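Hi,

Here is the structure I promised to send over. Have a look at it first, and then read on for what turned up.

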Amino acid sequence: MTIVGAMVRVEETQHNAAWQAFAQMPGVTPFALDDATRLGLVIETESLDDAYRLLSEDVRDAPGVLSVYPAYAHFDTGS
């Protein structure tokens, strides 16, 4: 299991659309940050590769996304 925390900068006018898109992604939980141009995400996936794909493709392609900043990662090394 991999858990990643990220901050996403979004266009203020697209905040709600981005939130809804993230909420529909499997393993992604959005949460509010301090203003309408930022959202926090908790991403839970089976592997670090899956988390990377979600961040670099699905999250980045959501409506209004300007940038994605991973801030935390925890992953099981299998040992």
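How many bridges join β2 to strand β3, and which way do the two run? There are five bridges between β2 and β3 (residues 38-45), and the two strands run antiparallel. One place to look at in this pairing is Ala-32, which stands opposite Leu-39 in β3. Please keep in mind that this is a predicted model.

**The sheet**

Zooming out, four strands make up an open sheet with antiparallel pairing, and their order is β2-β3-β1-β4. The edges belong to β2 (28-32) and β4 (65-75); each has a single partner strand, so one side of each is left without a neighbour in the sheet. From one strand to the next, the twist averages 20°.

Helix α1 (residues 15-24) packs on this sheet and touches β1, β2, β3 and β4. The direction of helix α1 makes about 150° with that of β2.

Trp-19 sits in helix α1. Is Trp-19 buried or partly exposed? Its relative accessibility is 29%, so Trp-19 counts as partly exposed, since buried would need a value under 20%. Leaving aside residues up to four places away in sequence, Trp-19 touches Pro-30, Phe-31, Ala-32 and Leu-39. Two of these, Ala-32 and Leu-39, are the residues that stand opposite each other. Trp-19 is also 45 residues from Gly-64 in sequence, with 9.9 Å between their C-alpha atoms.

Phe-22 takes us to the largest nonpolar core, which has 18 residues. Val-8, Phe-22 and Val-59 touch the most other members of that core. The elements giving two or more residues to the core are β1, α1, β3, α2 (48-59) and β4.

**Near the start of the chain**

Thr-2 belongs to strand β1 (residues 2-10). Thr-2 counts as buried because its relative accessibility is 2%, and the cut-off for buried is under 20%. The side chain of Thr-2 reaches the backbone nitrogen of Leu-48 at 3.2 Å. Beyond four places away in sequence, Thr-2 touches a run of residues that includes Ile-43, Glu-44, Thr-45, Glu-46, Ser-47 and Leu-48. Ala-51, His-74 and Phe-75 are also among the residues that Thr-2 touches.

Best wishes

Technical notes:
Residues are numbered from 1 along each chain as its sequence is written. This is a predicted model: local features need pLDDT of at least 70, side-chain atom pairs count only at pLDDT 80 or more; totals for chains, interfaces and linings use all residues. Side-chain values use heavy atoms; hydrogens and water are left out. Buried means under 20% relative accessible area, exposed over 50%, partly exposed in between (1.4 Å probe, protein chains only). A polar contact is a pair of N or O atoms within 3.5 Å; within protein, one must be able to donate a hydrogen and the other to accept it, and residues adjacent in sequence count only if both atoms are side-chain atoms. Contact means heavy atoms within 4.5 Å. Two strands pair if DSSP finds at least two bridges between them. Axes are lines fitted to C-alpha atoms, for helices over the stretch in contact, and angles run from 0 to 180 degrees between N-to-C directions. A nonpolar core is a set of buried Ala, Val, Leu, Ile, Met, Phe, Trp, Tyr and Cys residues joined through side-chain atoms within 4.5 Å.
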